[in-house]
Amino acid sequence: KEKGYSYFKFDYNYLHDFRPHNQKMTHYEVMRHLFGLYRKAIGEESYMLACGAPTRPVIGIADANRIAWDAIARWKSFPLADDGIPTLPTDIYDGIYNIAGSAVMNNIIYHNDPDVAYMLPRAESHIWQGPKENFDPDIHGLKWPGLQTWNSYVGLLGGMTLVSEPLYEEKYRQPEAIRMLEILNPPSPDKGWSMNGDIDPWSRQFGFVTEKPWGISASVALWNKEDEAADLNLDTYTHEPLGQEFHAWSFWEEKYLGKVNGSLMARDVPPHGCALLRLTKPSDDTGSPLIIGSTLHISMGSAELRSVKAANGEMVIEMTKGGARNGKIFLYYAGSLTVKQT
């Protein structure tokens, strides 16, 4: 702190490792006392991330908390328990539902830290359980579909958004990688939740519904957690503000899916991949254009739009500085459109 640092991460805070010298204190009390000392040392003005710490001891002290173990660039590398839940949650498969399952705490008791997002596919053998020769990058590596799913959940969470890629390396300076970083920043102002969390422990439908002055929309990720392609149904149980019919647009495909209802199905979603959808309530003013999608930010309108005004067949869109430097905004309109000013 004396050297000017204002961001502090305290890692490996496992509750059972704290052995109290004062036998009248519980492990919980010892950890909370320790984080109180950390806060006193760095001051209230500094930002504190608790990592590896249980939730309760750091509430009201830490600004952010790692929501689970490390999200290593690997796919389902550990044996699953009988209920299908991994036995050692340290890779992307586990991190996806950890993001969704803990989202209810995000921006309420602290900012959720889901660990890092990824700019390019990779295969990481760190913390590999078993013989090293059993690690197969083709089987266990994080490929594009899984990476897109992971970044979709990180982006819709609206918590912390971090990367740890070595940006000085040439491959991370290619446009595809830089764009992946840009569309995740800043974190979404709207916060996602597990839309079927009461019946689906994997949280395969995740996102948020938001009401802006210019309209009502939802940003939703449908996750195919299986090892083969699948069709995925949209559950509209939590989408009541959208009405019975709404426009559907696919982020990763940059494709308008039409005006749909609760029967929408994302077809042939690749293994580990997701359908990232923006659902938009139709406008009462049919004479004005309607925003139905955006490639500028992964939240599809939450972070990159400051204001939208539409009347008498004209639309004025005011942007923030959030999201990618280059991208597209998709409009729905029955007539023809002309750009008057940029």
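Predicted model: local features only at pLDDT ≥ 70, side-chain atom pairs only at ≥ 80, totals over all residues.

Biologist: Fine. How many helices and strands does the chain have?

Modeller: Six helices and 18 strands.

Biologist: What share of the residues counts as buried?

Modeller: 47% of the 342 residues. The accessible surface of the chain is about 17,700 Å², and carbon and sulfur atoms account for 51% of that.

Biologist: What about contacts between residues at least 6 apart in sequence: what share joins residues at least 24 apart?

Modeller: 64% of them.

Biologist: On to the strands. Why is E9 largely enclosed by the rest of the structure?

Modeller: Strand E9 covers residues 215–223, and eight of its nine residues are buried, so the rest of the structure largely encloses it.

Biologist: Which strand does E9 form a hairpin with?

Modeller: E8, with two residues between them. E8 is residues 205–212, and eight bridges join it to E9 in an antiparallel arrangement. Within that pairing, threonine 210 is opposite serine 217 of E9.

Biologist: How many bridges join E9 to E14?

Modeller: Seven, and that pair also runs antiparallel. E14 is residues 274–280. Serine 219 has arginine 278 in E14 as its bridge partner.

Biologist: Next, the packing. How many residues are in the largest nonpolar core?

Modeller: 36. Those with the most contacts inside it are Ile92, Ile99, Tyr118, Trp150, Tyr153, Phe206 and Leu276. At least two residues of this core come from each of helix H3 (92–101), strand E5 (116–117), helix H5 (144–157), E8, E9 and E14.

Biologist: Take tryptophan 150. Leaving aside neighbours within four places in sequence, what is it in contact with?

Modeller: Tryptophan 150 contacts Ala71, Ile92, Gly95, Ile96, Ile99, Pro114, Val116, Ala117 and Tyr118.

Biologist: Changing topic: how many salt bridges does the count come to?

Modeller: 17. One of them joins lysine 1 to glutamate 45, with the closest N and O atoms 3.2 Å apart. That pair links distant parts of the chain, 44 residues apart: lysine 1 is in the segment before strand E1 (7–10), and glutamate 45 is in the loop between helix H1 (27–42) and strand E2 (47–50).

Biologist: How does lysine 1 count by relative accessibility?

Modeller: As partly exposed, at 44%. Glutamate 45 counts as exposed, at 59%.

Biologist: And the salt bridge of glutamate 170 with arginine 173, what is its N to O value?

Modeller: 2.7 Å. Glutamate 170 is exposed at 57% relative accessibility, and arginine 173 is partly exposed at 44%.

Biologist: What about aspartate 200, buried or exposed?

Modeller: Aspartate 200 is buried, because its relative accessible area is 8% and the cut-off for buried is under 20%. Its salt bridge is with arginine 204, at 3.1 Å between the closest N and O atoms. Arginine 204 is partly exposed, at 33%.

Biologist: Which residues do salt bridges that share partners join into one network?

Modeller: Arg66, Asp70, Asp113 and Asp115.

Terms used. Residues numbered from 1 in each chain as written. Heavy atoms only, no water. Buried < 20%, exposed > 50% of the residue type's maximum accessible area, 1.4 Å probe, protein only. Helix = DSSP H or I, 4+ residues; strand = E, 2+ residues; numbered from the N terminus. Pairing = 2+ DSSP bridges. Salt bridge = Lys/Arg side-chain N within 4 Å of Asp/Glu carboxyl O. Core = buried A, V, L, I, M, F, W, Y, C linked by side-chain atoms within 4.5 Å. Contact = heavy atoms within 4.5 Å. Areas by Shrake-Rupley, 256 points an atom, 1.4 Å probe, with all protein chains shown as cover.
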